[in-house]
Amino acid sequence: MKRLELICLMVLLITISFRYTEKLWKKPLDWPEPVYNFKKNPLDSATVQLGRVLFYDPVLSSDSSISCASCHSPYNAFTHVDHALSHGIKDRIGTRNSPVLVNLAWGKSFMWDGAVNHLDMQALAPLENHVEMDETLPHVLQKLAKQEKYRRLFEAAFHSETMTGERFLKAISQFMLTLVSSDSKYDRVLRGENGIQFTEMERKGYALFKEHCASCHTEPLFTNQTFQNNGLAPDSILQDVGRMKITGKSSDSLKFKVPTLRNIERSAPYMHDGRYRSLQMVLFHYSTDIHSSATLAPQLRNGIRLSEDDKRNLIAFLKTLTDNTFLNNKQFQYPRTIK
Amino acid sequence: MIRTATYLVFFLPLFGWGQLIVEINLKAGNELVELNEPVRLNGYSFQLEQARLYLSKFEFYQNGHLKATDSTLAYLVDLEIDSTRKLIFPVVQGSGIDEIRFLFGIDSLTNTSGAMNGALDPMHGMYWSWQSGYINCKLEGTFTAPERETFQLHLGGYAHPFSGVQRILLKTDKTNVCRLDIDLNALMERVIRTKSELHVMSPGSRAVEYAQLLAKSIELKP
């Protein structure tokens, strides 16, 4: 009898915890399966909260001035506002523009050149980068262990105060995994929600998008996650070869990861080096300013022919990818209530 | 978990518990290498300040058949920490193990599986932060030939064509304690000769070549 009760209790607990994970993370309908292996790091609310607190805490940098959020602001889909190249500690300037952090659970590789192979390992890169946070993982863990708050948060998340690199990284991953953007006007139109429809301009823009852009910026993630050369003239000072830095192959020269376009309206400036301040400039690039080189994507060889009307329509469509539910989600913002 | 379970299923009922102890030594020919102690080599001399390396995925064979898989994924051997130089496997006495197989370094699957615990926790400083991947082996020190120079070899890389991990197969007789010797002579001679690549800090053909030189020197002695 006792045994049966125990089994019932277990089943109940499992169902509850399963439900809980469901609430913290849900695959939008008709989206592909995520790449991240949740079985190895099952989401739970205490760990997500720990990750969130870490994300916003400048204690992660050597002089306690810079947090992840310094370069990844929630109000801008987690990119660095107004900075072409992100600024790190002591105003040292990096060599690349910080990307948006959305839908990372589907990411196959991270960074503009795919240097990072797993979301868990991403936080190490800025942490130990001399121009970004200039810290070391063991030293950050030492600093955290001194704080009562973190001992409590680790205890809540892992039922142990022990702070290991693995736990630290998995907690930050958990928070980042919750950053799912799937409630833009575009999504609502496609779901047929409350009869919401595209305007005439947006509809035309969508058609142009599917014709000219979707081969790389593929729905629903708005990236096919490949590395492509989209015809940007190389910057003579930064001399960034992109993917080739990782693979050593000349066929990868000047290729960068195709970025998502979700929330693009809010994530200016654009491209890996932040060279364009507006979407108008981006479309000027695609229509008239393609730099030819050996690795240029074939579909861009002759530029994309776009009239002024086409450009306006395309921009109207791109703005339907702005997800206010995501941008205003209090769960993603600075954790004021966690002391 | 599953590995441990498999292990238990394999062994517990068949035999009793016993141990296989493997002691790891860095050698220069017949000489034992210790940190911060000069080693003579063909008229030159070198001295290690740091020596750390990963050994992983130990498997135990008998007549070419897999008998057991070690439940610990990887060991970080650090010359500075004596306890890490002795690996203790709960293999059974009289179980007839005649071959040990393992990896010198960390394989591609483990390299792409996200954050890990224990010896594989990235906080041990054996992980490249700017480009994902474990450092399979870190050797740092100086040599005099005849001027004093420093060398820093961080050998890693898991992706084709610069995969640095090495598969090691070693025959063993049925003793419980054996020594695993890694001879640095061939590598150090190569390093001192070339002198050009004294600071290998990223995956590449040089890192692979050095890892192969080390792997070839590994021997198991009773």
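Residues are numbered from 1 along each chain as its sequence is written, and chains are lettered from A, with ligands numbered from 1, in the order in which they are written. Because the model is predicted, local features need pLDDT of at least 70 and side-chain atom pairs count only at pLDDT 80 or more, while totals for chains, interfaces and linings use all residues; side-chain values use heavy atoms, with hydrogens and water left out.

**View 1. Where chain B meets chain A.**
Let us start at the interface, whose size is often given as the accessible area lost when the parts come together. Chain B brings 16 residues to the contact and chain A brings 19 residues, where contact means heavy atoms within 4.5 Å. About 1,500 Å² is buried between the two chains, with carbon and sulfur atoms giving 57% of that area. Buried area here is the accessible area (1.4 Å probe) that two parts lose on being put together, summed over both. On the chain B side, look for B:Ala115, B:Met123 and B:Ser129: they supply 35% of the area that chain B buries against chain A, more than any other three residues.

The side of chain B that touches chain A divides into seven nonpolar, eight polar and one charged residue. In this grouping, Ala, Val, Leu, Ile, Met, Phe, Trp, Tyr, Cys and Pro are nonpolar, Asp, Glu, Lys and Arg are charged, and the others, Gly among them, are polar. The number of salt bridges between chain B and chain A is zero; a salt bridge is a side-chain nitrogen of Lys or Arg within 4 Å of a carboxyl oxygen of Asp or Glu.

The structure holds zero disulfides over all chains, a disulfide being a pair of cysteine sulfur atoms within 2.5 Å. For A:Cys71, the nearest cysteine sulfur belongs to A:Cys68, 8.7 Å away. A:Cys71 counts as buried at 13% relative accessibility; buried means under 20% relative accessible area, exposed over 50%, and partly exposed in between (1.4 Å probe, protein chains only). A:His72 sits in the loop between α3 (68–71) and α4 (119–122) of chain A and is also buried, at 17%. Helices (H or I, at least four residues) and strands (E, at least two) are DSSP runs, numbered from the N terminus. Beyond its neighbours within four places in sequence, A:His72 touches A:Phe55, A:Phe78, A:Thr79, A:Ser98, A:Pro99 and A:Leu101. Its side chain reaches the backbone oxygen of A:Phe78 at 2.8 Å.

**View 2. Backbone features in loops.**
The loop between α10 (200–212) and β1 (227–228) of chain A holds A:Pro220, and the peptide bond from A:Glu219 to A:Pro220 is cis, with omega near -5°. A:Gln225 lies in the loop between α10 and β1 too; it has a positive phi of about 65° although it is not a glycine. In chain B, the peptide bond from B:Ala145 to B:Pro146 is cis, with omega near -15°, and B:Pro146 is in the loop between β9 (135–144) and β10 (148–156).

**View 3. Salt bridges within the chains.**
Side chains of opposite charge can pair when their charged atoms come close. Over all chains, the structure holds 29 salt bridges. A:Asp309 and A:Arg312 pair with their closest N and O atoms 3.0 Å apart; both lie in helix α13 (residues 308–319) of chain A, three residues apart, about one turn of the helix. In chain B, B:Lys221 forms a salt bridge with B:Asp181 at 3.7 Å between the closest N and O atoms. This pair links distant parts of the chain, with B:Lys221 in strand β14 (residues 219–221) and B:Asp181 in strand β12 (residues 177–183), 40 residues apart. B:Lys221 is partly exposed at 28% relative accessible area, whereas B:Asp181 is buried at 3%.

Note on methods: A polar contact is a pair of N or O atoms within 3.5 Å; within protein, one must be able to donate a hydrogen and the other to accept it, and residues adjacent in sequence count only if both atoms are side-chain atoms.
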